[in-house]
Amino acid sequence: MTTYLAPTKSLPAIDPITAQVIAGALNSIALEMGHKLARMSYSSIIRESEDFGAAILDAECQQLAECAYSTPLQLGPIPGYMRGVLKAMAEDGEEFYPGDVILHNHPYYGASHGPDIGIGIPIFQNDQLIGFSFTTAHHLDIGSSSPGSCGIVDAVDAYAEGLQFKAVKLYEKGERNRQVWRMLRQNIRSADIVVGDIEAQVAACRVGERRFLELVEQYGLDTVLAASEELMNYSERMMRQAIAQLPDGTYSAQGYLDGFLDDPDPTKKDLTIAVTVTISGSDMTIDLTGTSPQIDDRPINMPLVGTVDIAIFVTLRSILLDTALMEYVPQNSGLIRPIAIVAPKGCLANPIYPAPVIARCCPGNIVADTLMKALAQVTPHHISGGIGNIKVASYSGVVDEDYWVYMDITEGSYGGRHGKDGMDGVDTLYANTRNNPIEDIEAHLPLRVTRYELLEDKSGAGQWRGGLGSVRDIQFLSNGQMSLEGEGNKYAPWGIFGGKDGTPGGVTFFSTQQAATDLPSKFPYRKMRSGETLRTISPCGGGYGDPLLRSPQQVLEDVLDGYVSVEKARVDYAVVIDLERRAIDEAATVQVDPETARAFRASQPEEQQKIQELVNLWLKRAMNLTRLQTIMDQMSDEAEANGLTPEILQAILDE
Amino acid sequence: MKLIGVDIGGTFTDLILADTQQQQTWIHKVPTSVEDPAIAMLSGIQTLCQMANISSDSIDHLLHGTTVATNALLTHEGARVGMITTQGYRDIVHIGRHQRPMHYSIMQDIPWQAQPLVQRRDRLTVTERLDAKGQVLTELNETEARAAITTLKQAGVDAIAVCFLNSYINDAHEARVAELVKELYPEAFVTTSASIFPQFREFERFTTACINAFVGPKVKSYIDRLHAQIQPLGIQSDLHIMRSNGGVATAAVAAQEPVTLLLSGLAAGVLGGAATGKQSDRDQLITFDMGGTSTDIGIVTAEGFVEATARDTWIAGYPVMVPMIDVHTIGAGGGSIAYVDVGGAFRVGPKSAGATPGPACYGKGGVQATVSDANVVLNRLDPDHFLGGEMTIYPDRAFTAVQSLADHLNLNLYEAAAGIITIVNNNMANAIRSRTIQKGQDPRQFALVALGGAGPLHAVEVARLLGIPEVIVPRYPGITSAMGLLTTDLKHDLIQNEFLLSSQSNPQKLTQDLQALESQVLQQLTADGFTPDQITLERWADCRYLGQGYELRVPIPAGELDPAKLDQLWRQFHDRHTVEYGHAFPEKIIELVTLRVTGKGEMPKLTALPTPPPGTLEQAWIKTTETYFLVNGQLDQYATQFFERDRLPLGAQIEAPAVFFQKDSTILLPPHTRAIIQPSGNLLIQLMPLPIEEKRQAMEAVL
């Protein structure tokens with residue numbers, strides 16, 4: 001069990017004005033670090049996909065500020081990285097000196113996974129260690145068994161994943177540790193790019209160090225720390241207030257992973273993620289007991305610190321402190337104080353060394369998704385239906401005795417939301433990277449993106465429908481190889497509150513003759529010849545609410561935009577569309593016996609109208625008894641929330 | 001020459017008339033006629049002509065800054081746009097870069113999905129494909145293109161954007177489809193992605209083209225109408241319109257490329273600030289334009305204003321990939337609301353009381369404390385003289401609003417008011433840091449030019465936070481954009497992607513490509529009516545280390561290129577990289593990504609503003625009263641002199657603390673500064689060091 005405790009120390013009282021001023025300054029520092037890292041770096045995974053993080057920590061590894069521009073999965077783990085660094089240094093009897101630069105990527109010592117290399121600089125004021133400047137970034141290669149740093153889905157243990165660095169000093173006392181740099185170059189593919197990116201990380205950390213020292217000189221260390229503490233308390237208060245508004249109780253949900261669908265071993269596929277949320281006042285415990293056991297020799301285990309905890313924190317924050325709905329709450333260590341995480345040792349979400357973890361990204365998104373499903377019970381207006389998970393692919397080849405390596409992150413989609421359809425073709429939950437422009441890929445790599453568009457007619461039906469995933473085809477223009485890790489080929493994103501499930505994704509290989517072969521959601525190193533193509537299909541999000549409640553006009557708009565077919569509009573939404581007229585066909589004919597028909601025709605127009613209304617009402621009841629019950633229940637829930645008791649409601653309904 | 005500049009903003013239309021021979025200038029400000037902005041413009045011009053006692057047909061040039069395009073985009077009230085794109089890539093503008101604008105939000109809206117510029121039903125695809133070298137992989141299927149155009153015509157779109165993959169390197173297919181549109185649907189406003197800005201990165205380029213189409217019909221009809229309405233004035237030459245790139249364009253070009261007008265007014269503001277600095281012989285400037293709801297920050301160096309990198313420019317949540325002045329806008333202004341949020345933090349802005357209800361002191365129903373209210377409480381705004389006395393303020397309402405906030409924060413009234421000012425000033429100082437220090441520029445080597453209604457009220461304290469030694473306040477801080485219109489040239493930017501490596505440089509090809517771009521620019525400028533002696537050309541290269549994703553701009557040596565000149569270019573890039581990021585990698589290969597040629601046609605310019613009147617300081621003096629200032633963290637009352645700006649005599653030197661009132665702004669001179677009235681009419685404020693040492697010693701003695 002991991003518990004995060006608030007530190008106890010006495011700092012001077014801080015006035016709210018200085019607190020706000022220092023908050024702004026810290027924020028600028030982290031932003032500047034990220035800005036410089038992104039611009040100086042070489043690999044598209046950092047500069048285009050923005051798969052990096054930057055932060056300033058205090059001496060106790062509490063995160064004081066983050067670079068809002070970069071991805072949550074890189075930002076969140078930074079305190080954990082630094083704690084891992086401290087642990088490793090203590091174990092080996094190492095010490096920090098001014099001028100040190102630390103390299104760290106050990107997933108059992110706080111790192112998210114091996115390719116996400118952390119670079120940290122201890123910040124000294126005179127002789128006192130006052131904090132750390134830290135960056136993380138996803139690197140193209142870390143010397144794994146096959147090229148690239150994703151899709152290494154056949155790694156049998158932590159050693160097979162590539163180089164492991166446990167608090168290794170790249171610089172000591174300002175002196176460049178040349179032998180370490182040489183070793184990096186000798187053991188990493190595409191070393192120019194990777195080492196260049198590490199240099200960019202070091203430069204960004206130095207900017208953070210310099211700026212933090214300037215801030216401390218200007219205001220004094222105690223004042224900066226007191227302001228930071230106030231900021232953390234603020235974030236903690238915001239989180240606690242949000243949790244306290246939820247009813248106490250225990251809420252559970254389960255999610256499912258494809259795992260290795262092509263593996264004969266049943267313990268390697270169809271895996272369960274179990275989440276139980278317990279809310280008690282302003283505290284929340286997330287218990288993952290019931291999650292499938294770890295897989296000893298396949299890398300979809302998830303480090304508890306660095307992946308699982310981040311999936312949980314990011315999801316809670318996105319739901320409970322949604323930036324679109326409220327003030328921007330500073331991202332710092334205060335946010336996680338009210339939250340405890342429990343994960344039994346040896347399960348997928350808390351593996352035991354040396355179980356491999358390099359392909360933990362997509363499973364982690366299911367932890368996030370399942371947590372959202374559990375919270376749907378208590379905060380139905382702030383969640384989405386099930387998300388379509390993402391995929392990460394590595395493409396590579398050899399030119400002039402060196403590798404080119406390219407990583408492509410394929411987006412997923414969101415489920416429907418209260419009052420809004422799901423987001424289409426986006427990165428999901430704890431990941432928020434960017435795709436690479438097709439024109440950039442084609443100008444620089446022997447690859448061609450031969451198709452990239454939305455999937456039609458596949459999203460989960462609902463009052464607010466799921467988002468659309470995308471289809472992306474990438475063709476090799478010279479011989480090479482690739483590998484892929486993804487999720488969501490088997491289990492469709494869940495619908496909620498009567499919304500229908502979305503659709504699973506897929507992976508298809510096309511030969512040069514365009515013969516198609518379906519592949520599982522994960523495959524290791526695979527030779528590719530010039531002209532061969534890989535298609536990735538993202539899952540489409542689950543629906544929210546009963547599709548019959550969707551406004552027919554919206555269904556018509558969806559049909560006109562090609563999001564939903566005429567057929568699906570009729571079957572899922574009971575809306576008949578006349579494409580010719582681009583309109584809804586509102587009329588329905590009901591057969592009655594000839595006598596009744598004659599009597600009806602003979603009656604007066606006013607009478608006819610009354611009869612029609614009655615029939616209409618009766619038909620509604622007859623067809624939708626169950627649905628009507630749902631509507632009534634929903635109405636009474638809402639009314640109750642607004643202070644209406646069931647009794648008053650009944651009285652109104654009777655009237 | 002007689003020049004008129006008209007800057008139409010959301011609230012006011014500012015006008016300036018300059019007679020360059022007589023060195024005379026007249027200014028005028030009228031409320032904007034929102035329904036038809038031309039009405040206020042015309043009546044304003046007529047008033048100016050009367051003031052100057054000239055007839056309108058003696059005016060040589062009319063230059064205009066407009067927010068028509070910006071408003072259409074911000075309010076999402078544009079044309080129904082159709083898009084014709086490459087088959088297989090229908091949703092590039094919908095998927096975007098697949099990143100959510102907010103990291104931590106389930107309920108967010110993605111602008112291009114929630115408010116598409118083109119609905120999916122109007123995005124049609126045709127068979128065609130180019131590779132990254134511009135070679136045709138699949139021929140354009142004209143039958144499909146014709147069918148698509150017909151379908152869009154029947155659907156009733158007003159504008160069509162033609163956007164094909166890799167068109168930045170070969171625009172033949174796009175151009176052909178545009179021709180077909182002109183043939184089959186001549187009424188439609190048509191635009192191609194490569195003709196706007198032929199730069200790689202399809203989402204950004206396509207979106208830029210779609211914005212052009214989205215705002216196109218509206219802007220075009222606005223310009224056409226304006227044209228017709230000013231016709232009777234008999235102005236000597238064509239109407240010119242300010243573009244985001246800091247140059248003007250002829251009305252015809254502006255109407256065809258309205259996406260280049262999105263920062264029209266803001267760019268003019270930065271230019272006005274630059275002109276102000278020049279009058280005071282300063283060329284390293286930070287322009288600081290603070291209004292009611294926001295503050296715009298621009299940077300000017302000896303090389304001119306700083307331009308935004310094409311990848312960093314977002315407007316209304318959409319990427320816009322055209323050359324633009326780097327203007328950074330933050331939500332901090334006189335109307336910014338101060339409040340305590342649910343978590344207990346003291347915040348100022350970006351929420352704003354706007355024009356209605358406005359700050360509490362406006363007495364129009366606002367009850368929340370704003371930055372203006374804090375200034376009233378600290379006695380920096382005098383009710384009798386605020387904005388020339390034309391705007392009534394109610395100090396008691398400001399006191400009530402700030403007091404209620406103070407109670408909430410457990411501070412006294414004046415601490416709370418000073419706190420509001422401190423927070424908003426720090427927010428603005430941080431914004432300036434992000435444009436200077438983060439880009440390798442030291443703000444201490446700049447002068448701050450204070451613009452807008454509220455800029456001069458906050459500028460000196462903001463300068464103090466940044467260590468900026470001087471603040472310049474122009475004669476008319478509230479109409480600087482209109483003034484900026486009269487300080488620029490006509491400008492065309494042409495670019496071409498090159499992807500040339502320093503390891504395989506080919507000076508001949510580069511020279512040829514440059515010459516081709518240059519002759520194209522010359523042609524355009526000649527068509528605009530310029531003679532060779534009025535034309536200047538600049539050539540630039542956007543470079544990066546091979547593999548990087550962001551380019552830095554360096555000048556290309558003039559004339560025929562040879563290996564030595566290229567070496568010079570590469571060296572300049574390493575230097576630029578060091579300035580920007582603090583590091584260079586001299587052993588790495590450099591990639592020249594984009595060539596750019598800028599052609600300028602010289603326009604007549606504003607020469608000087610009228611010299612301030614002679615007289616004595618006493619004549620400008622209003623009163624001396626107690627005002628609050630925070631100095632060295634200590635909030636105290638100071639005896640402060642209030643003056644009328646219009647009566648300040650040339651050469652006068654005023655010791656702080658003081659406040660100057662004028663019709664369009666208020667200037668604050670906090671303690672330990674002094675102001676000098678310069679011949680240009682500028683107020684040059686110098687910041688003296690704070691007596692920190694004395695204070696500290698005194699405090700230590702007490703302890």
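Analyst: Two strands count as paired here if DSSP finds at least two bridges between them. Strands themselves are DSSP runs of E with at least two residues, helices are runs of H or I with at least four, and both are numbered from the N terminus. Please keep in mind that this is a predicted model, in which local features need pLDDT of at least 70 and side-chain atom pairs count only at pLDDT 80 or more, while totals for chains, interfaces and linings use all residues. Residues are numbered from 1 along each chain as its sequence is written, with chains lettered from A and ligands numbered from 1 in the order in which they are written.

Let us look closely at a sheet in chain B. Four strands make up this open sheet, in the order S27-S28-S30-S31 of chain B, and their pairing is mixed. Strand S27 (621-631) and strand S31 (665-669) of chain B are its edges, each pairing on one side only. On average, neighbouring strands of this sheet are turned by 25° against each other, direction ignored. Such angles come from axes, which are lines fitted to C-alpha atoms (for helices over the stretch in contact), and run from 0 to 180 degrees between N-to-C directions.

Touching means contact, and two residues are in contact if their C-beta atoms, placed from the backbone, lie within 7 Å.

Between S27(B) and S28(B) the chain forms a hairpin with two residues between the strands, and there B:Asn632 takes a positive phi near 55°. Next, S28(B) pairs with strand S30 (residues 658-662) of chain B in the parallel sense, over four bridges. Here B:Phe643 has B:Phe660 in S30(B) as its bridge partner. Strands of a sheet pair through backbone hydrogen bonds, either parallel or antiparallel.

Now step back to the chain that holds this sheet. Chain B has 19 helices and 33 strands. Its radius of gyration is 27 Å, close to the 27 Å that the globule rule gives for 703 residues, so chain B is as compact as a globular protein of that length. That radius is taken over C-alpha atoms, and the rule is 2.2 Å times the number of residues to the power 0.38. Along the principal axes, the C-alpha atoms of chain B fill a box of roughly 85 × 60 × 55 Å.

Of the 703 residues of chain B, 54% count as buried; a residue is buried if 20 or more other C-beta atoms lie within 10 Å of its own, exposed if 12 or fewer, and partly exposed in between, with C-beta atoms placed from the backbone. Among the contacts in chain B with a separation of 6 or more, 68% are between residues 24 or more positions apart. Chain B is also divided into domain 1 (78-210), domain 2 (336-426) and domain 3 (490-601), with bounds that come from an automatic or database domain assignment. The centres of domain 2 and domain 3 of chain B, taken over C-alpha atoms, are 50 Å apart.

Chain B has a partner, too. The contact between the chains takes 66 residues from chain A and 58 residues from chain B. On the chain A side, helix H1 (16-40) and helix H6 (191-219) are among the elements giving two or more residues. H1(A) gives the most to that side, with 13 residues.

Chain A itself contains 16 helices and 23 strands. Its radius of gyration is 28 Å, close to the 26 Å that the globule rule gives for 655 residues, so chain A is as compact as a globular protein of that length. The C-alpha trace of chain A spans about 105 × 70 × 40 Å along its principal axes, and 57% of its 655 residues count as buried.
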